[in-house]
Amino acid sequence: MSHFLSPIFASGFFESEAVHIALAVGALVAIVTGVVGVFTVMRGQSFAGEAFGDLGTTGGAGAYLVGVGTLWGFVIGNLVAAGAMEVIGVQRARGRDLATGIVLGAGIGLAALFLYLYTSEHSTTGATVTILFGSVFAISSATIPLILLLSAVVLAITLTLYRPLLLSSVSAEMASARGIPVRLVGAFHLVALALAAALAAITIGTILSTALLVGPAASALRLTKRPVTALLTAAGIGIAVMWLGIVLAYDSYHWPPVHQGWPVSFFVVTLVFITYLLSGIPEARRRRQTGRNHAASSAAQPATPS
Amino acid sequence: MVNAWTVASMVAVVAGVVGFFTVLRGSAFAAHAIPNGSFAGAAGASLIGVSTLFGLGVFSLGGALTIGLLGRRGRHDVATALALVMMLALGALFLSFSVEYAPEVYSLLFGEVLGISPNDLAPTAILGTLCILAVAVLYRPLMLSSVLPEVGEARGISSFRMEMLFLAVLALATTMTVPVVGTLLIFSLMIGAPAAARSFTDRPLLAMGLSVAVALLIVWIAIAASYETNYPVGFFVGTASAVSYTIGRLWTAVRSRRRAQPSHT
Amino acid sequence: MSVDVLAVQGVSVRLSGRTILDRVSFEIAPGEFTGLIGSNGAGKTTLFRVILGLQATSAGRVLVEGLEHGPRHRLIGYVPQKFLLDPDVPLRARDLVGLGIDAHRLGMPVPSRTRRALVEEMLHAVDAERFADTRVGQLSGGEQQRILVAHALIARPRLLLLDEPLANLDLGGAQEVVALLARITREQQVAVLISAHEINPLLPVMDRIVYLAAGRAVSGTTEEVVRADVLSELYGRHVDVLDVHGRVLIVAGAGEDTDLAGHEGVFPGAGIPG
């Protein structure tokens, strides 16, 4: 058996505790982000996921500076960001993107400051890399209870609000017509997204966390329109890319050029990206079959973010 | 030190001009995405020993084209987000191969104005001039296409072509501004200054000029402050941009309240 | 005999199996005011896109000033139906109008007395002088529409195309716009083609009507077209045309089911209530 598996799994894979934690945490985070991600993509809030990634950097850097656990930093930073976005959110779309961008800029600037202060105080340079690009292998077992708690909270929010959230994501008008408090539901979703983004950040880093928040969900939505199937597919894709990424990263320890291993986040993001591209194939094939003349019928659209 | 001021001023002028259209077109996301994509280019360039500007340029342009082409079909925001993250991951990979991993990451992301060498002056000036020339040449059709795309189409101005050209200019601007302000913060300068400027004037060209002026102010303050405190330039740029934007919004609110007074019909 | 400003000849458009336009033909002479009447889904927007050269035809052709492949964009001015202008955009009404002079040309506008005079003339023509220096995004919908008309007119087109300019206006507002356009047609010597789903506001000023139903068209003067026999043939079912105090009411005959646009019994042109 081991002869068969050894080309795929480098030696020591199944024995390493770091790997066990990585696989378990990775799977859990994949499920959480996949579920939240489906609603996020349906609501067209990919930019928000981006914002949490960047502002999470500020939270994480702050945590380093203050000496608190990084995950706490991500959680607090993201919740503050969520609050800011709710306040800004009343404006029309174009103004909202601008305001979000400004807040991002200020937040990232602050992150730069925190990282600088931390680095000069402690004369170690790894903080930037760890926060921004993360590593699922570096998660200590002490963080696991918090991870479990956060995951439970996110799943509780999303699954409890499943029906009103689904309806208001599809059509806010129809939802309010039925007496659903659309803004409140949206606010709860934003909190869930903030926490999910924090979880994604400790596994693959803040500025890459969007990949987990948006990628598997977007792929799932291209493959199926039924909500429950989309949720399951998104979680499934997430787990698959996480585990495969972990295996590859472990195996890469002896790869050139530096024989230190390639970053696991790189593998996860690449796999997410490839999956997204592949998920576009069935639809492209369908479109070719109906022989629609897209060039004729669609006016070129200026690419304004929604 | 003179280097830093000169280059930073050039950066501010370009950011002000290109940023004017960025804000007009609501392209804050693209302005955020393209520099992050170029991060990989800079990282890769340093890995293989090529000029950073070259790496930045190639990846900025590539990122811009991808965003433009992907934006035609499918969910625009998802495609852009994933493409951008892919580029960042690639950059992380390249940097992991180098010895100077962490410090390089920091300066690429947050800027390193004091590390600008005299050799960078000429290419930066050339790229900057190209940017401004491009905007001047495209001014009229770009204005119409940005404000009223349908009317532009009716006049034979293809919205798609304008978008691609604009993204290319954005990529060019990114290439020369990133070494100073960093990939994560250049967009802040590019949207903060113009957003503030347009609160103070109704006229397009004046708004563009004011945008440049505000950008220069922000950059000069940032450099002076950074020189004094040793804190990173990016921190001051991000903060000053946010302050400018807020002042602009407050002024707009004051103006509209004044306008709503009884004397107006 | 002068060349028709616009000649649509046997234009058909088929998209994904549906026939959107079916052998549509009509002409517009210089300075004529023409109404393109049809309910939503009849094909008005598609026809406009064909005329503007933004939509390929499956059959037929469009001649602008006698030319199929001439400088169409210079000759036709276009006012779209929807134009959401951001209140923060730093562009005054007069700036937007000025942009209309040469927006398609590369480079930056050179301020000159001629330009300023031209802009003033157009602002006067659409009665927009009092808000010429206000930001476009802060104008009301009707004011913005007038600015867009001025923007289109300043390039001296031979034909002005307006896509449902009356759609969101009440009757008073609609009458104002129609009167303005009729005056412009006379003063500026430009032909006007307006699409609408309501015939009555245009009745007093139309020289010609093109009536579009389910992709098929009939054109002529109001007397020639707005008749029970003509419209019945166009719709392929029995249609009555009633005169109510000088206004037209077009209804399906008794016992008919819903028409193709989903209106039960009442066809475009009903014009009620007030």
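**Sheets, interfaces and core**

In strand E4 of chain C, C:Val64 is the bridge partner of C:Leu6. The model is a predicted one, in which local features need pLDDT of at least 70 and side-chain atom pairs count only at pLDDT 80 or more, while totals for chains, interfaces and linings use all residues. Residues are numbered from 1 along each chain as its sequence is written, and chains are lettered from A and ligands numbered from 1 in the order in which they are written.

The bridge at C:Leu6 belongs to the pairing of strand E1 (residues 6-15) of chain C with E4(C), which is antiparallel over 5 bridges. Strands (E, at least two residues) and helices (H or I, at least four) are DSSP runs, numbered from the N terminus, and two strands pair if DSSP finds at least two bridges between them. Strands of a sheet pair through backbone hydrogen bonds, either parallel or antiparallel. E1(C) and E4(C) are part of an open sheet of 3 strands with antiparallel pairing, in the order E2-E1-E4. Strand E2 (18-28) and strand E4 (59-64) of chain C each have a single partner strand, so one side of each is left without a neighbour in the sheet. From one strand to the next, the twist averages 20°; angles run from 0 to 180 degrees between N-to-C directions, with axes as lines fitted to C-alpha atoms, for helices over the stretch in contact.

Chain C also has an open sheet of 6 strands, ordered E5-E6-E7-E3-E8-E9, with mixed pairing. Its edges are strand E5 (76-79) and strand E9 (216-220) of chain C, each with a single partner strand. Here the twist averages 15° from one strand to the next. E5(C) pairs with strand E6 (residues 159-162) of chain C in the parallel sense over 4 bridges, with C:Gly77 opposite C:Leu160. Helix H8 (residues 228-235) of chain C lies across strand E8 (208-213) and E9 of chain C, at about 35° to E8(C).

Another antiparallel pair in chain C joins strand E10 (residues 239-244) and strand E11 (residues 247-252) over 6 bridges. C:Val239 has C:Ala252 as its bridge partner in E11(C). Their hairpin has 2 residues between the strands, and C:His245 takes a positive phi near 50°.

Next, the interfaces of chain B. Towards chain C, 24 residues of chain B are in contact with 23 residues of chain C. H6(B) gives the most to the chain B side of this contact, with 9 residues.

The largest nonpolar core has 285 residues, and those with the most contacts inside it include A:Ala196, A:Val269 and B:Leu170. H4(B) gives the most to this core, with 16 residues. Such a core is a set of buried Ala, Val, Leu, Ile, Met, Phe, Trp, Tyr and Cys residues joined through C-beta atoms within 7 Å. A residue is buried if 20 or more other C-beta atoms lie within 10 Å of its own, exposed if 12 or fewer, and partly exposed in between, with C-beta atoms placed from the backbone.

Definitions and conventions:
Two residues are in contact if their C-beta atoms, placed from the backbone, lie within 7 Å.
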